[in-house]
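This report looks at the nonpolar core of the structure shown below, and then at one of its sheets.

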Amino acid sequence: MKKVQRTLAAALAAMMLMALAGCSKGDVTKEVNSGLSDLKAQAAEPAVEPQTETPAEPKTDAASEPVSEPAAEPDPEATAEPAPASAPADNPDYPSAAGLNTQTLEAFGTDFTLVLNVTCPDQGWYKSATSFGDLKLFPTDDPSHIFSGDPRITFELKSGLDKINYYYDDFENVEELTPRTIGGVEMAGRTYKNVGMWWTEYYGEMPTGGWLAIKISGVDIDPGTEGDTVLNSVTFG
């Protein structure tokens, strides 16, 4: 459209110039008709749409692309079979009690001491690592799971019989047992329930001073059992 307007303006300008120059009417008319013919021919031409240049896609440098790492080979050690779940866990608070155990017990607040020797089976028994006048033995397969109500055999040295019977009023269903000789010392026996646990207890006065109480809970001590074997192994140094 702008091009047509420019051509029309040029034709009109030419006509004015020829009129000024004294051109004849016929010449002026001829020029006007020629200009109009050019305008019609240009108007008939199809408009050319402007071309929008499509940006070229960036070239990909094959060398710049990340290279996929090959799959890692399985570690032979990582595929090894796990240890059996029943394997005992290490626990410094409850080391193995296998074999002979010798421990010096002390009666709190006195000079009474007692050297205790007790032999446990080679497997499945653990003991308390620290002692406050006692020794605890646990028949368990995993020392990492020992709780207050678990089966045990406890050896406690007390200053007198009154200390042995300190919680007697809290005992339930007390029954006397036939005395039992342990480590060469005849000891009285009884069963009772206390703090939610059933106990079998043997107690007696030691030749070196003080009174020893052996408390058994959840451990079978019938003749021929492991618990019976542990009690029969006891000696005093």
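## Nonpolar core

In this predicted model, the largest nonpolar core has 27 residues, and those with the most contacts inside it are Leu-137, Ile-153, Phe-155, Leu-212 and Ile-214. A nonpolar core here is a set of buried Ala, Val, Leu, Ile, Met, Phe, Trp, Tyr and Cys residues joined through side-chain atoms within 4.5 Å, with buried meaning under 20% relative accessible area (1.4 Å probe, protein chains only). Two or more residues are given to this core by each of β2, β4 (134-139), β5 (152-158), β7 (185-194), β9 (211-217) and α4 (226-232), and the largest share, four residues, comes from β2. Helices (H or I, at least four residues) and strands (E, at least two) are DSSP runs, numbered from the N terminus.

Not counting residues up to four places away in sequence, Leu-212 touches, among others, Leu-105, Leu-114, Phe-155, Met-187 and Phe-236, where contact means heavy atoms within 4.5 Å.

## The open sheet

Three strands form an open, antiparallel sheet in the order β1-β2-β10. Because β1 (99-106) and β10 (235-236) stand at the edges with a single partner strand each, one side of each is left without a neighbour in the sheet. Strands count as paired if DSSP finds at least two bridges between them.

β1 and β2 pair over eight bridges, with Asn-101 opposite Val-118 in β2, and they form a hairpin with six residues between them, in whose turn Gly-109 has a positive phi of about 75°. Two bridges join β2 (residues 113-120) to β10, where Thr-235 is the bridge partner of Asn-117.

## Basis of the values

Residues are numbered from 1 along each chain as its sequence is written, and side-chain values use heavy atoms, leaving out hydrogens and water. Local features need pLDDT of at least 70 and side-chain atom pairs count only at pLDDT 80 or more, whereas totals for chains, interfaces and linings use all residues.

Terms used. Buried means under 20% relative accessible area, exposed over 50%, partly exposed in between (1.4 Å probe, protein chains only).
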